[in-house]
Amino acid sequence: MYPRKKKLLNQVRNKIRLKHYSLKTERSYIGGIKRYIIYHNKRHPLTMGKKEIESFLSWLAADLPKQPLHIVYSVPPSL
């Protein structure tokens with residue numbers, strides 16, 4: 001049996017902690033990654049390319065100015 005790979009968000013957390021980034025930065029990065037994955041119906045980022053990134057960034061640019069500041073800048077809770 002092959003060893004199971006760590007989940008993407010756990011890999012990101014480990015890298016961030018290895019680089020000694022702040023907890024607030026970690027939460028921000030994880031929140032952005034979650035937002036990107038959910039926007040694309042929970043597809044893994046490795047299966048996406050330039051088209052999906054452009055689509056997500058266009059959505060962010062169009063949608064974020066309409067949201068209240070407390071939603072845009074909120075920090076997701078720790079898992």
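Which residues are linked in a network of salt bridges? Hello everyone, let me start there. They are R13, R17 and E26, and a salt bridge here is a side-chain nitrogen of Lys or Arg within 4 Å of a carboxyl oxygen of Asp or Glu.

Before going on, a word on what we are looking at. This is a predicted model, in which local features need pLDDT of at least 70 and side-chain atom pairs count only at pLDDT 80 or more, while totals for chains, interfaces and linings use all residues. Residues are numbered from 1 along each chain as its sequence is written, and side-chain values use heavy atoms, leaving out hydrogens and water.

Now the confidence. pLDDT is the predictor's confidence in each residue, from 0 to 100. The protein chain averages 82, and 76% of the residues score at least 70. Where pLDDT is low, the predicted coordinates should not be read in detail.

On to the overall layout. The chain has four helices and zero strands, so the pattern along the sequence reads α-α-α-α; helices (H or I, at least four residues) and strands (E, at least two) are DSSP runs, numbered from the N terminus. Of the 79 residues in the protein chain, 18% are buried. Buried means under 20% relative accessible area, exposed over 50%, and partly exposed in between, with a 1.4 Å probe and protein chains only.

Let's walk along helix α3, residues 50-63. This helix has 14 residues and reaches 20 Å from its first C-alpha to its last, close to the 20 Å expected at 1.5 Å a residue; the expected span is 1.5 Å times one less than the number of residues. Which residues are buried in α3? They are E52, F56 and L60. These residues cover an arc of only 75 degrees around the axis, which puts them on the same side of α3. The arc is that of the directions from the helix axis to the C-beta atoms. As a reminder, an α-helix has 3.6 residues a turn, so residues three or four places apart point the same way. What covers the buried residues of α3 includes α2 (23-39). The face turned away from that buried side carries the exposed residues K50, K51 and A61.

Back to the salt bridges, of which the structure holds four. E26 and R13 meet through their side chains at 3.9 Å, N to O. That pair links distant parts of the chain, with E26 in helix α2 and R13 in helix α1, 13 residues apart. Are these two partners buried or exposed? E26 counts as buried because its relative accessibility is 6%, and R13 counts as buried at 12%.

E52 is buried, with a relative accessible area of 13%, whereas R43 counts as partly exposed at 35%.

My last pair is E54 with K50, whose closest N and O atoms are 4.0 Å apart. Both lie in helix α3, four residues apart, about one turn of the helix. E54 counts as partly exposed at 43% relative accessibility, and K50 counts as exposed at 63%.

Note on methods
Contact means heavy atoms within 4.5 Å.
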